[in-house]
Amino acid sequence: MRKIRPFQLFGSYIFCFILTVEKPCIYASKPSDVRNLIGFVDHIHPSPFQRIVVYNGSRDVYVSARNSLYHFDENLNVQSKVSTGPELDNPDCLHPSYPCDNKRVMSDNDNKVLEIIYDPHLPMLLSCGTLYQGLCQVRPIGKLVSDRFSWVGPFNESVGFTAGKNSTVAFFAPGYGGQTSLYSASTYDDRPLEYSPASVSSKVLVRK
């Protein structure tokens with residue numbers, strides 16, 4: 001199992017609720033001009049692609065798959081790849097930094113959210129998977145390196161849980177007070193209710 005290094009690069013990041021909405025938001029965007037990636041096959045870790053985003057600054061393409069993230073240049077040449085799973089986990093457990101009485105088993109990490117944080121000083125890639133109750137990670141835009149990421153907390157509160165094992169939708173848009181907010185919605189997936197994310201919510205990413 002890969003050693004988890006929660007705050008190696010960025011320090012500690014947490015999600016904070018700023019607004020909980022009672023009905024879903026509708027978001028539409030112009031389809032990107034990403035060319036067909038069907039011709040790419042990872043023979044070592046084959047898995048269907050799950051999400052695709054394009055960084056406007058360089059036109060580089062970031063792609064998520066089960067247990068992996070890929071970075072392509074604007075000509076769709078592979079630049080880097082990192083593993084995001086499998087890891088020891090259990091639906092009744094929190095992040096490994098918290099003790100759990102239930103046995104953790106090797107579990108796949110399916111990506112449910114892949115978005116770019118357009119910070120003028122440090123643009124980052126946000127990815128949220130099915131491990132650890134749907135926690136998210138942030139990585140710097142550019143070459144993906146296995147130990148250059150930070151888990152986004154809190155690890156023991158529902159505000160930190162974003163991805164569900166069933167349907168999940170998320171996007172960044174202006175929110176309360178003009179702050180860039182992550183709007184997310186997910187369907188209930190039979191996890192313990194205390195670990196379930198809000199069905200529809202908006203929250204901001206802040207550095208502690």
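Which cysteine does a disulfide join to C93, and what is the S to S distance?

Reply: A disulfide joins C93 to C100, with an S to S distance of 2.0 Å. The term disulfide is used here for a pair of cysteine sulfur atoms within 2.5 Å. This is a predicted model, in which local features need pLDDT of at least 70 and side-chain atom pairs count only at pLDDT 80 or more, while totals for chains, interfaces and linings use all residues. Residues are numbered from 1 along each chain as its sequence is written, and side-chain values use heavy atoms, with hydrogens and water left out.

The torsion about the S-S bond of C93 and C100 is about -70°, so this disulfide is left-handed. Buried means under 20% relative accessible area, exposed over 50%, and partly exposed in between, with a 1.4 Å probe and protein chains only.

A search of the whole structure gives two disulfides. The other bond links C128 and C136, whose sulfur atoms lie 2.0 Å apart. Here the S-S torsion is about 95°, so the disulfide is right-handed. C128 is buried, with 0% relative accessibility, and C136 is also buried at 0%. Counting bonded cysteines along the chain, the pattern is 1-2, 3-4.

Now the surroundings. The protein has zero helices and 14 strands, where helices (H or I, at least four residues) and strands (E, at least two) are DSSP runs numbered from the N terminus. Of its 208 residues, 48% are buried. Among contacts with a separation of 6 or more, 53% are between residues 24 or more positions apart; a contact means heavy atoms within 4.5 Å. The accessible surface comes to about 11,000 Å², and carbon and sulfur atoms account for 52% of it. That area comes from the Shrake-Rupley method with a 1.4 Å probe, and for residues only the protein chains shown count as cover.

Confidence comes last. The protein has a mean pLDDT of 82, and 80% of its residues reach 70 or more; pLDDT is the predictor's confidence in each residue, from 0 to 100. Residues 1–11 stay under 50, and the model has 37 contacts for them beyond four places in sequence. Residues 17–36 are also below 50, with 29 contacts in the model beyond near neighbours in sequence. Where pLDDT is low, the predicted coordinates should not be read in detail.
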